[in-house]
Amino acid sequence: MKIVFCVPRYHTNMSAWVEVLLNNGHDVYVHAIVRGNTENHTIVEPLIVRLSKVSTMIMRFFGSGGANKLRGFPEIFAYSKLLKDIDPDIIIVRGVNRWFSILVLFLSIFQSSKIIIYSQTELYKKYSYARNILTTSILNFFSATWITPLLGDCNKYNNYPDKMFYVPFLYLSPHLEPDLNSRSLRLLTVGKYTARKNHMMLLMAFNNLMCSGTLMYLTICGEVSTAEHKKNFSELLYFVRENNLSKFVKLISNQPHSEMNKIYSQSNLFVLPASSEPASYAIIEALAHGMPVICSSSCGTKWYVGDNCGLIFKDKSISELESSIKRYTNSIFHNKSLLAVKKSNDLNGSGEDFYQKFLSALPSRKC
């Protein structure tokens, strides 16, 4: 099959999906609006579509609409011809609120391609009557299905719209043996240097624990590409220097994704303090490298953290964050968690689970 992803950018959380699809004999194309600084183009080089003059004018007067140029879209006839030349069997669009996605959805009416809508919304959650009707209407109108990599609370909710499917995130890498003999706790967090990532809260918790006599090391790895990123990065550097943490804290910026394996392998506990994190892929990467995870209650990928593979702390609670990290200073608890993560990855580390769920989510027909 020919599969086209129409997305705002080629996020690293798609890389493993693309690799599995290629390994199963499919042709995969990625069409994006913007190019990110830390993307991995080893397997597929995304096509950055040229924005139309109308789109550029709209964004000039009304703004881009949000992250990754939400109001951005290519010239209609040129992009329609591009899709016809490829003649894809499946088109996967990122959400239904992006103007690029809306354009592709309507262009699909004139094509024989099957449509899959991909978003990062929890499958098991409370759906209002209006949202259920709207989602069902969209899927029926475009003869589409909807996939999400976020499971949600299946014990609390069990009613979701028809034609919605859970297709898990995946990370393909050699499963490294956890370092059970490490004498020090080496923390790692990964995320853009934005305020929402709560890097400062993590640094404050780290400093408090160090002052109480807990010896640890921390690596913060993130993207610096905007004025906000630079400002937050500078503030973190200042805090590290003012509190004499330079020997214990390392700040890394714009590390290529292809070199992240080394960063993960040098750490033994992953901490994501971010608030309202829709779907952190770094958590999946950390678990794949045999690391237990600590994340906040507002993180979308908290559902990947099993009972024995990490801890969930109350969002924005520095005291709960501190106590969660402190639990891992106990070597017995730490080693048991590492072994639990390794066992989980040994059982679920292949791409077969993703591929079978992807196939089950394919639309049965295209009207």
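Notebook, predicted model. I take buried as under 20% relative accessible area, exposed as over 50%, and partly exposed as in between.

**Positive phi angles**

I started with Asn254, which comes out at 33% relative accessible area, so I put it down as partly exposed. I found Asn254 in the loop between E12 and helix H8 (260-265). Its phi is positive, about 55°, although Asn254 is not a glycine. I noted that because most residues other than glycine have a negative phi.

Ser276 went on the list too: its phi is near 50°, again positive in a residue other than glycine. I placed Ser276 in the loop between strand E13 (269-272) and H9. Is Ser276 buried or exposed? Its relative accessibility is 52%, so I count Ser276 as exposed.

**The seven-stranded sheet**

I traced the strand order as E3-E2-E1-E4-E5-E7-E9, an open sheet with parallel pairing. Which strands stand at the edges? They are strand E3 (47-48) and E9; each has a single partner strand, so one side of each has no neighbour in the sheet.

At the E9 end, I looked at the pairing with strand E7 (residues 144-148), which is parallel and runs over three bridges. There, Ile147 has Phe165 of E9 as its bridge partner.

Further in, I checked E1 and E2, a parallel pair with six bridges. Val4 is bridged to Tyr29 in E2. Five of the six residues of E1 are buried, so I describe E1 as largely enclosed by the rest of the structure.

**Helix H1**

I went through H1 (residues 15-23) and marked Ser15, Ala16, Trp17, Val18, Val20 and Leu21 as buried. What do these buried residues pack against? I listed strand E1 (2-7), strand E2 (27-32), strand E5 (114-118) and E7, plus H9 and helix H12 (352-360).

**Ser184**

I located Ser184 in the loop between strand E9 (164-166) and strand E10 (185-190). Its relative accessible area is 14%, so Ser184 is buried. I picked up a polar contact between the side chains of Ser184 and Arg186, at 3.4 Å. Leaving aside neighbours within four places in sequence, I got Tyr217 and Asn268 as the contacts of Ser184.

**Leu251**

Leu251 sits in strand E12 (residues 249-253). With 16% relative accessibility, Leu251 falls under the 20% cut-off, so I call it buried. Leaving aside neighbours within four places in sequence, I found Leu251 in contact with Tyr193, Ile220, Phe233, Leu236 and Leu237. I also checked Leu251 against Leu188: they are 63 residues apart in sequence, and their C-alpha atoms are 10 Å apart in space.

**The largest pocket**

I noted about 1,300 Å³ of space in the largest pocket. It is lined by 48 residues, and I wrote down Arg9, His11, Lys192, Lys197 and Glu277 as the closest to its centre. Sorting the lining by class gave me 22 polar, 15 nonpolar and eleven charged residues.

Which element gives the most to the lining? My entry is H9, with three residues. Strand E11 (216-222), helix H7 (227-242) and helix H9 (281-288) each supply at least two.

Notes. Residues are numbered from 1 along each chain as its sequence is written. This is a predicted model: local features need pLDDT of at least 70, side-chain atom pairs count only at pLDDT 80 or more; totals for chains, interfaces and linings use all residues. Side-chain values use heavy atoms; hydrogens and water are left out. On a 1 Å grid over the protein atoms alone, a cavity is a set of points where a 1.4 Å probe fits but cannot get out, and a pocket is an open set with protein on both sides within 12 Å along at least five of seven lines; lining residues have an atom within 4 Å of a point. Grid points are joined across faces, edges and corners, and a volume is the space filled by probe spheres set on the points. Helices (H or I, at least four residues) and strands (E, at least two) are DSSP runs, numbered from the N terminus. Ala, Val, Leu, Ile, Met, Phe, Trp, Tyr, Cys and Pro count as nonpolar, Asp, Glu, Lys and Arg as charged, and the others, Gly among them, as polar. Buried means under 20% relative accessible area, exposed over 50%, partly exposed in between (1.4 Å probe, protein chains only). A polar contact is a pair of N or O atoms within 3.5 Å; within protein, one must be able to donate a hydrogen and the other to accept it, and residues adjacent in sequence count only if both atoms are side-chain atoms. Contact means heavy atoms within 4.5 Å. Two strands pair if DSSP finds at least two bridges between them.
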